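Look over the sequence and the model first, then read on.

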Amino acid sequence: MFLLLIPVLGLPFSLRDARAQSVTQPDKHVTVSEEGLLELKCNYSYSGAPYLFWYVQYPSQGLQLLLKYLSGPPLVEGIKGFKAEFKKDETSFYLRKTSALWSDSAKYFCVLGDTVPKSAGGAEHKL
Ligand SMILES: *[C@@H]1O[C@H](CO)[C@@H](O)[C@H](O)[C@H]1NC(C)=O
């Protein structure tokens, strides 16, 4: 059995309006068996209609957008077999992939709002 160690980082972020908001990713590290389910948690706190993003950062690479939820159907499909479901009632946006691969070992960022913090080494993401 292969194991992946996936550091999951919650980040500060900014929004153009000043309402209180945040994201939490309770698991600092997530271990997944090869061909197993990869699930990365993310709960948000935001009073309005959130824009939610999952980014990945592979070793020595920049941030890459996996998927985003802006509005519409809550189940979002992204690249590399990743999906995430927006659950408004539970204020969550969990990232899932049904058969994780070694190459999925990376840092994952759940981001609320329209901007990726520069401290993460990413470019700004404009809507
Ligand atoms: C986070 O999301 C999960 C899954 O949707 C939900 O069960 C839980 O209540 C949420 N936690 C908080 C603190 O909102």
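A residue counts as buried under 20% relative accessible area, as exposed over 50%, and as partly exposed in between (1.4 Å probe, protein chains only). By that cut-off, 43% of the 127 residues of the protein chain are buried. The model is predicted: local features need pLDDT of at least 70, side-chain atom pairs count only at pLDDT 80 or more, and totals for chains, interfaces and linings use all residues. Residues are numbered from 1 along each chain as its sequence is written, and side-chain values use heavy atoms, with hydrogens and water left out.

**Overall build**

- The protein chain has eleven strands and zero helices. Both terms refer to DSSP runs, numbered from the N terminus: helices are H or I with at least four residues, strands are E with at least two.
- Read from the N terminus, the order of elements is β-β-β-β-β-β-β-β-β-β-β.
- Contacts are heavy atoms within 4.5 Å. Among contacts with a separation of 6 or more, 60% link residues 24 or more positions apart.
- The protein chain exposes about 6,800 Å², and carbon and sulfur atoms supply 55% of that area. Accessible areas come from the Shrake-Rupley method with a 1.4 Å probe; for residues, only the protein chains shown count as cover.

**Strand 6 and its partners**

- Strand 6 covers residues 52–57. Six of its six residues are buried, so strand 6 is largely enclosed by the rest of the structure.
- Leu 52, Trp 54 and Val 56 point one way from strand 6. Phe 53, Tyr 55 and Gln 57 point the other way, and all of these residues are buried.
- Two strands pair if DSSP finds at least two bridges between them.
- Strand 6 runs antiparallel to strand 11, with six bridges. Strand 6 also runs antiparallel to strand 7 (residues 63–69), again with six bridges.
- Phe 53 has a bridge partner in each neighbor: Val 111 in strand 11 and Lys 68 in strand 7.
- Strands 6 and 7 form a hairpin with five residues between them. In that turn, Ser 60 has a positive phi of about 50°.
- Strand 11 (residues 107–112) is mostly covered, with five of its six residues buried.

**Gln 57**

- Where does Gln 57 sit? Its place is in strand 6.
- Gln 57 is buried, at a relative accessible area of 18%.
- Its bridge partner in strand 11 is Lys 107.
- The side chain of Gln 57 reaches the backbone oxygen of Gln 61 at 3.0 Å. A polar contact is a pair of N or O atoms within 3.5 Å; within protein, one must be able to donate a hydrogen and the other to accept it, and residues adjacent in sequence count only if both atoms are side-chain atoms.

**Ligand site**

- Which residues surround the ligand? They are Asn 43, Glu 90, Thr 91, Ser 92 and Tyr 94, each with a heavy atom within 4 Å of it.
- A polar side-chain atom of Ser 92 lies 2.7 Å from a ligand oxygen atom.
- Taken alone, the ligand exposes 360 Å², and the protein buries 48% of that.
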